[in-house]
Amino acid sequence: QVQLVESGGGLVQAGGALRLSCAASGLTFSRHTMGWFRQAPGKKREFVGAVSRSDSTDYADSVKGRFTISRDNAKNTVYLQMNSLKPEDTAVYYCAAAYWMTPANYDYWGQGIQVTVSS
């Protein structure tokens, strides 16, 4: 059974930083692209960024230069370092996994974790 468990969310002031972690189990972590998504109240879920199995990264324009995704295959964990946070970054953040051959198809999702940025 695949499980993705996010941690590290919370409340932070604008301009602050948070690091989210997502621990994976039940899958061959190194063979999966790992992505982060978010959903703000009343909005659709949106792509934040992803890291491939070869450590190449991709980011949404809204977070480029502020967010960094990394992975530790030895720990089956993916991270989302969020700096210079803005109130509009407030959302539930989800990690997801996609098999490397179909990197756009995220088959597995975490339960989500709240990030709130106060102004």
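Reader: Which side chains meet in a salt bridge with Asp61 or Lys64, and how is such a contact defined?

Author: A salt bridge is counted when a side-chain nitrogen of Lys or Arg lies within 4 Å of a carboxyl oxygen of Asp or Glu. Here the side chains of Asp61 and Lys64 meet in one, at 3.2 Å from N to O. This is a predicted model, in which local features need pLDDT of at least 70 and side-chain atom pairs count only at pLDDT 80 or more, while totals for chains, interfaces and linings use all residues. Residues are numbered from 1 along each chain as its sequence is written, and side-chain values use heavy atoms, with hydrogens and water left out.

Reader: Is Asp61 buried or exposed?

Author: The terms rest on relative accessible area: buried means under 20%, exposed over 50%, and partly exposed in between, with a 1.4 Å probe and protein chains only. Asp61 is exposed because its relative accessible area is 65%. Lys64, at 49%, counts as partly exposed.

Reader: How many salt bridges are there by this rule?

Author: The count comes to 4. Arg38, Glu46, Arg66 and Asp89 are linked in a network of salt bridges.

Reader: Which side chains meet that of Arg38 in this way?

Author: The side chain of Glu46 meets that of Arg38 at 2.6 Å, N to O. Asp89 also forms a salt bridge with Arg38, at 2.9 Å, N to O. Strands, as named here, are DSSP runs of E with at least two residues, numbered from the N terminus.

Reader: Are these residues buried or exposed?

Author: Arg38 is buried, with a relative accessible area of 6%, and Asp89 is buried at 1%. Glu46 is partly exposed, at 35%.

Reader: In what order do the strands of the open sheet lie?

Author: Strands of a sheet pair through backbone hydrogen bonds, either parallel or antiparallel. Two strands are taken to pair if DSSP finds at least two bridges between them. The open sheet has 4 strands in the order β1-β3-β8-β7, with antiparallel pairing. Its edge strands are β1 (3-7) and β7 (67-72), each of which pairs on one side only.

Reader: Over how many bridges do β3 and β8 pair?

Author: Strand β3 (residues 18-25) and β8 pair in the antiparallel sense over 6 bridges. Leu18 has Met82 in β8 as its bridge partner.
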